[in-house]
Every structure is written in C-alpha cells, then in structure tokens.
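Hi there,

I'm passing a structure on to you, as promised. Have a look at it first, and then read on for my notes.

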Amino acid sequence: MTSAASGPPPGPAGHRDLQDCERALVAAAARYGREPGEEVVRACIAVLESLDALDALGPAANGDADTDSLRVRTLRVLLSASELWWRSGDGNGDGNGTIGIEPWPAVPLHTLVTQAEEAAARTADRALRASARHMAGQHLVVTHSLDAALTALAEAVELARAAGDTFTELEALTDLGHCTVGRDMKLGVSMLERAETLASRSPGAFLHPEQAELLPMTLARLTGHIGVAAFDRGTFDTAESRLRDSLHRLSPGNTPGPYAKMTNFLGQLLTAAGRFEEAEVLLTEAVGRIAPRATASTHQGYNLGLLGKLYLEWDRPDQAAPPLLAGWEHLRAAPHVSLLPLLRNYLGELLMHPSYARRDVTRACDLFTETVEECRRTGFQRSEIAALMLGARGALQLGDPQSALALSDRAVERLAETGEMPALRSEEVYFTRYEILLSAGRQEHAAPWLDRARAVLLAKGRTIADPAARNAFYTRVPTSRSILAASE
C-alpha cells in the first residue's frame, strides 16, 4: 500500500485529515482579495464538507484533534468573503437569511452563525467564542436590530481582548464602532479611533495563520468606516480622503461586498456635496460591475436606490424612478433591516416630488409612517428622524398643518435626544421645522431654527478646502440653496 493510500479516506474535496483541511483554509484565506469572492466561498465550503466527512468517521479519524476550532475559523473566512450575498431572509420575516452561491445555494445565514457559536462553545476557547460572537453581531445588524448587534459585538471585543486575540478584537471593534455611530456618534467615533490605534500596532503574532491573510481587508474596512464617521460629522474632505483610500484597497471582483458598501458611502458624500456628475459615474459603474454577480443583493439594492436619490437631489425625478424602484425590488427580495427604511424614505421622497408623473403624497406619508413604526422596533434612529421630517412635509402638502407641526416637533426632539446621526442632514431637519412654523404664522418661533440650519450648513462648508467644491455644496444642493436663500 502506498503512503498516499494510507490513513482515513479523503473528504469530498480530497482533504484527508485536519492538517489538510487547515492548509486548505489558509490557502482560501490567501485568495481573499486576490481572486473572485465566490471562489473563496466555494473553497471554504469544501473545507466544511471535509470536516463533516471526518466527523462522520468518528474520533479515530481525527486522532485527538477537535474539528470545532477549524470549523469556526473556516466559517469566519466564508462569511467575510460572502458579504455581497447576505440577506436577512426571503421577505417573510423569518430572520434567518441566506447565502446563495452555487454549489451551496440558499444556505441560511443564521444556521452558519449558530454552527459557529455552538462549535466555539464546545471548545471553551475565548478567542473562538469572540470570533463567533463577532459573526453573530454582523448577522444581527442585517436580520434583527441594532441593539442586538451592538450587544453581540461588544461581547466579541471583550472576549477577544481577554483571550489576547488582537486580530479578532480589531475586527469586532471596527464593526462595533461603525454600528455604535448610529446610536451615539461620539462613542462610535472613539471606538473607531481605538481600533485605529490597535491597528497601528498591527498584531505582532496571530493566533491562526489565516488571520494574517484577512488583515489587509480588515484595515481597508476600518479606513472606510472612519471615513463614513467623518462624513456623518460633516467633515467632507477628511471623509472623502479616507473613503477613497479604502476603495483603492478593495476590488469589485475580489472583495465585492466591502467594495459595494464603500462605493455607496462615497456616493452619499458626493451627492450630499452637490457633485452629482461624479456621484453618477461612481454609482453607475459600481452597479454595472456588481450586476452580473448579484441577482438579489442588499448592497446592489442600496446602490440602485442611492442612484435614484442622487437624481432626486439633482431635480430629475423621472430619471430617479427606474433605479430607485429597481433598488426597492432588490431589497424586498434580499431584505436588510437597516437599509429597507432608508430606501422606503427615498421612495416616499420620489412620490412627493412635485414634478414626478406618478406623484402620490398620501402614499408617501403612509411609507413614512411605516418607517417610523419599524425603526422604533429595530432601533435605527436616523431613518426614524428622517421619516418624521419627511412626513411633516407631506402633511403640509396635504393641508394638515397640525400634523405637520407635531411631526416636525417630534423630529427635532428626537434629533436632540440622539445627537448627530449618520445619513441624516441635521440642517434639513432644522430647516423643515423652520418652514412649517413659518407656514403656521409663527415667525418668532421659526427664526431660531433657520439660524441653526444655517450654522450647521456653514460649518460643513468650511470643511471643504476647494472653493469650487464648496460653492457646489452651497449652490447645487437643494437644501443648501433653500437655507441660504431664506437667510438672505
């Protein structure tokens, strides 16, 4: 008998033992960022299938080694590489979600995370438990609520720190900081700064070899999330620099999930700055590159929806409708609890636009009400405040000034409670309050809100160094124009 024929029979991918499986996992992680994400996912699937086959042979096939550690580590790489295809479910609210990549179609995301947590618990290894909780946090922000995600991510950070697993701590802290920005801007920013300090030291030693292969993508994501936080705080030039740096390290082919997300964030910035032509080129290119690989993707849906929002800001409602409606269909097929309310608000804005051929303000107000109710359950406050503000405008258009006053009052009240919010223009919330009070004949109460709107607007403008770009922000963005015209 030859040496090749000795030992346990190979698994489905030819992996004979745990050492073979580990080598295959590290090789798969090394391909992440260098080869198409689908290939990395398939390689991880092959490792998992081999682990299943080895498990079926019993302990004798594995010696004294435990497959649980390798299973958690493989699932970590798989979930990182498959982000483009995550979804929260099939639209029926089951909260399980799927990853659909042949030859492993429609595998519940919840099942994979549960497998990781159960395997990690059996090992009693704090580093593995940290990795599994990090996966759970990423899953929960897609499928359940912000609060649930924050709890899991905070637990992951603490477990990783206690275990001395600097890489997992960095990964989890990056996501925790990004998600916390949606609840407490200052706290979230401080967490991202802490993550950057951790990254500057860079893990001197990795607990597992595949972590070294994943580090470049983790650093690219951290840079992008710091850029997003800078944009949310109104510092445009810093935000753009960080986001472009992140995108430079990502690839639409090899890291399609992070690429689609960072493209979206940069597209938001360019749109908010009045640089509509640049935003159009960026988003159109991103949508085109992702389209052949994602028939139903949350990130593709968001980018299509943002393209529609861009055309609304550009005062082109008829151009806005096709991508916005297509994006809405993507998200209905591939739901994401934080993105659905954003696109629902965009859709309501389209229906309220005075030049839109199918204008329906009543339907728009219904959508805003739905968003408010949903966000109170899921905890995504930015969309709730935006929906209250937009609902106030809709009520005014429908000739209901009392409802408009009540909704705008609630919007500014919620903004005062939460502080700065991501993806929300504070100056627009304040200006809407000003307009509604003015329409009610309450000039003396309206004027301070205009002053606040103008102060926020000018503060953002001062963060744009280039005079032409600053002028575009003041003169091309409808909200900016309205605030400055009212001030004059």
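First, the ground rules. This is a predicted model, in which local features need pLDDT of at least 70 and side-chain atom pairs count only at pLDDT 80 or more, while totals for chains, interfaces and linings use all residues. Residues are numbered from 1 along each chain as its sequence is written, and side-chain values use heavy atoms, with hydrogens and water left out.

Salt bridges

Searching the whole structure gives 40 salt bridges (a side-chain nitrogen of Lys or Arg within 4 Å of a carboxyl oxygen of Asp or Glu). One of them pairs Glu83 with Lys261, at 3.1 Å from N to O. Glu83 sits in the loop between α4 (67-81) and β1 (98-101) and Lys261 in helix α12 (residues 256-272), so this pair ties together parts 178 residues apart in sequence. Helices (H or I, at least four residues) and strands (E, at least two) are DSSP runs, numbered from the N terminus. Glu83 is buried, at 15% relative accessibility; the classes are buried for under 20% relative accessible area, exposed for over 50%, and partly exposed in between (1.4 Å probe, protein chains only).

Glu277 and Arg476 form another salt bridge, with their closest N and O atoms 2.9 Å apart. That pair links helix α13 (residues 276-290), which holds Glu277, to the loop between α22 (467-475) and α23 (478-487), which holds Arg476, 199 residues apart. Glu277 is partly exposed at 39%, and Arg476 is partly exposed at 27%.

Arg344 and Glu374 also meet in a salt bridge, at 2.8 Å from N to O. Arg344 belongs to helix α16 (residues 340-352) and Glu374 to helix α17 (residues 361-378), so the pair ties together parts 30 residues apart in sequence. Both residues, Arg344 and Glu374, are buried.

Ala124, in the loop between α5 (109-123) and α6, has a positive phi near 60° without being a glycine. Ala124 is exposed, at 58%. Asp315, likewise not a glycine, has a positive phi of about 60°.

Best wishes
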